[in-house]
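Here are my notes on the structure you sent.

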Amino acid sequence: MARVLVVEDDQFVRSALIRHLTEAGHTVRSVGTALEALREVAHLPFDVVILDLGLPDLDGSEALKMLRGITDVPVIIATARDDEAEIVRLLNAGADDYLTKPFSVEHLSARIAAVLRRTRAAAAEAAPPSVIRVGGLAIDPLRRLAELDGAPLDLTRREFDLLAFLAGRPGVVVPRRELLAEVWQQSYGDDQTIDVHLSWLRRKLGETAAKPRYLHTLRGVGVKLEPPRTEPLS
C-alpha cells in the first residue's frame, strides 16, 4: 500500500483520517502545519500527500508551491473550499487531485489509488532500464534505488532525481538552469533550492563542498558528478 502524509490542523479530522487510512493498509504520518510538512517530505519518502488548505502557518496554496519546490510527490488537496476557479488554479499549480469536504474514506482511498496508478505508470515508462554506475555509486532508476559502495542510500524523491540526473551525465558540467528545468520542472527558480539539495546529497555521500568526492560545483557554471579521483601513491 502507500506511504501517506496527512497535513491537517483539525485534530478530529486528522485522527479520523489516520485511523481509516491505517485500517486500509496504508502507512500514515501526520502533521498540523505547512512547515512541518516541508520538513517531513525533505527527509522521508512518501507516495502521496493529503493537503488541507486551511493551515495555521501558511495557506495551503502557498504550502503546495513550496512542496513543489522540493518534491514531486503526488498531492491530493482535501478542503472545504469548493470554488471552481481556485480548484483549477491549484491543479495547474501542481496538485494531482482535489477533494471537497466532507468526503468518505472510501472516496479518498479510491482517489489515492488512482493517483498512484498514474504516477507509477508514468515512472515506469520514463525510467531507463539499466543501472547507472559511477565509481562506487550504483543507481537503479527503474526501482528508484541507490547504493554507495554496496550500502543503500536513504534518499528523498528529489534527492534521488537529482543524483540520477547528474549520474546519467558523468563528468559533464550541468548548468543550474538545466537542473531546474529537468529535475524540478521549473523554467526559473532560486539557486538556493539546488544548493540545499546538493548539501543534503553530499552529507549522504560522505563528502563536503570543501572536500568533494563525487559532486563538484563550478561557481557560476554548474554542477558535475564524477568518480572520486584516485590518490597518487607516495
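How many cavities of 30 Å³ or more does a search of the whole structure find?

1. The model is predicted. A search of the whole structure finds 1 cavity of 30 Å³ or more. The volume of the largest cavity is about 40 Å³. As background, empty space is shown by rolling a probe the size of a water molecule over the atoms.

2. The largest cavity is lined by Val-41, Leu-44, Pro-45, Phe-46, Thr-71, Val-73 and Arg-157. Sorted by class, this lining has 5 nonpolar residues, 1 polar residue and 1 charged residue.

3. Three strands form an open sheet in the order 10-12-11, and the pairing is antiparallel. Strand 10 (174-175) and strand 11 (215-218) each have a single partner strand and stand at the edges, so each has one side left without a neighbour in the sheet. In general, the strands of a sheet pair through backbone hydrogen bonds.

4. What joins strand 11 and strand 12? Strand 12 covers residues 222-225, and its antiparallel pairing with strand 11 runs over 4 bridges. Leu-218 stands opposite Gly-222 in strand 12.

5. Two helices should be noted with the sheet. Helix 6 (residues 157-167) packs on the sheet and touches strand 10, strand 11 and strand 12. The direction of helix 6 makes about 75° with that of strand 12. Helix 8 (residues 191-205) also packs on the sheet, where it touches strand 11 and strand 12. The direction of helix 8 makes about 145° with that of strand 11.

Terms used. Residues numbered from 1 in each chain as written. Predicted model: local features only at pLDDT ≥ 70, side-chain atom pairs only at ≥ 80, totals over all residues. Heavy atoms only, no water. 1 Å grid on protein atoms, 1.4 Å probe; cavity = no way out; pocket = protein on both sides within 12 Å on 5 of 7 lines; lining within 4 Å. Points joined across faces, edges and corners; volume = space filled by probe spheres on them. Nonpolar A, V, L, I, M, F, W, Y, C, P; charged D, E, K, R; others polar. Pairing = 2+ DSSP bridges. Contact = heavy atoms within 4.5 Å. Axes fitted to C-alpha atoms, helices over the stretch in contact; angles between N-to-C directions.
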